Structures are given as structure tokens and as C-alpha cells.
Amino acid sequence: MDPVVPTPVADQLFGQVQIELDHEGGTLRVSGEGLPTVEIRRSPDTEVATHVPIGTRGPARLTLLVDGVEETLRPAKGFLSRRSYRVEVVSATRDCRYVLVPNSSDTSRLRRDKRRLGVFTSTGDGKDSAVWENGERRSTAAPEPYDAAVGYALAAAYGTGAEPMWHEALDAVTELWP
């Protein structure tokens, strides 16, 4: 995977969002007018997984900074179920928890403290998009700039979507079939 040049995204609520993903160097930067700057950095001595845009799902090998303040990043290992591909951020600054979890083969839903914020699509090359909830239902929340910056960073760093467990199991069985 080649380093990606800065990729602008036109967000429906937050305007121009700039995503800079460098797979080789292990860095990601998300910025935009009115958005906090989010950076994810991979440790230099990390063995790089080519199927993960940021290069690893190992939480000890990653640092997440939001406007220079370190937050806790917890990517799950990713195996059979969609939920196993979730990525969590515990924000001490905002006193909340974010979760980006696949909800289809192409998209992932962003939640803040169990309230839906929006759905992200990312191809893993810095080209991301978001469809935001409007916050009118009890299970949704109106997104804020901090939410958008964190959501774009997680989607760009890990990609979005995952196949359902039955599909993965079927693939595993057909691999074994002579």
C-alpha cells in the first residue's frame, strides 16, 4: 500500500475535512476548519499488517492524540464476527466513549456512549464519507466537531465494514474443501 497524499472530504455538516494517511510511515492526521486535529501514530518498530490502513490493530503499538491530548485507543483484534472489528476510544477530555463498529460489509456505525451519531464508509485509502444522524430519536445524538474528527480518524485508520460471521465461516470451509 502506497502512502496517500492528503485527501479532502466534503462533509455535509462539517465542511472540508482533510485526511492524511501514510500507511508506510504509520501516521494518520485528520483536520478541518472547526474540527480538532486528530492524529494516530504507529510505533516505528511495529510489524506492519497490510490489510489494516494504519498498519496494526495492536493497541500498545498506537497513540491517539486529539488536539495534542492523548486519548485511549482500543482496536479489537478482528476475527470472525463484525463486532470483533470494533474500535473504541475512551476520551478523558470529553468523559465519553466512542465505538466504531461494522454494520454491513461496507459501512461502520459510530456511537458516542451508545447513542448513534452516523455511518462511515472508507475504502482504507483515506477516501471516507459520513452520513450523520440528526439526533431526533432517543437512540441518536446530534454530532459535534469532536465526534466528526474522531469518527473520520477511526474510519480512515481501520477502514469500515466487515463480512457477517456466516460468510467468513463459509469462506473458511470452502478453503478446506479439496
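**View 1. Strands 2 and 3, side by side in a predicted model.** Strand 2 (residues 15-22) and strand 3 (residues 27-32) run antiparallel and are joined by six bridges. Strands here are DSSP runs of E with at least two residues, helices are runs of H or I with at least four, and both are numbered from the N terminus; two strands pair if DSSP finds at least two bridges between them. Look for valine 17, whose bridge partner in strand 3 is glycine 32. This is a predicted model, where local features need pLDDT of at least 70, side-chain atom pairs count only at pLDDT 80 or more, and totals for chains, interfaces and linings use all residues. Residues are numbered from 1 along each chain as its sequence is written, and side-chain values use heavy atoms, with hydrogens and water left out.

**View 2. Phenylalanine 14 against tryptophan 132.** This aromatic pair is edge-to-face, at 5.6 Å centre to centre with 80 degrees between the planes. Rings of Phe, Tyr and Trp (its six-membered ring) pair if their centres lie within 6.5 Å; planes under 30 degrees apart are stacked, over 60 edge-to-face, the rest tilted. Phenylalanine 14 sits in the loop between strand 1 and strand 2 and tryptophan 132 in strand 11, so the pair ties together parts 118 residues apart in sequence.

**View 3. Phenylalanine 120 and tyrosine 152.** Their ring centres are 5.1 Å apart and their planes at 90 degrees, so this pair is edge-to-face too. Phenylalanine 120 belongs to strand 10 (residues 115-122) and tyrosine 152 to helix 1 (residues 145-158). Ring pairs link Phe14, Phe120, Trp132 and Tyr152 into a cluster.
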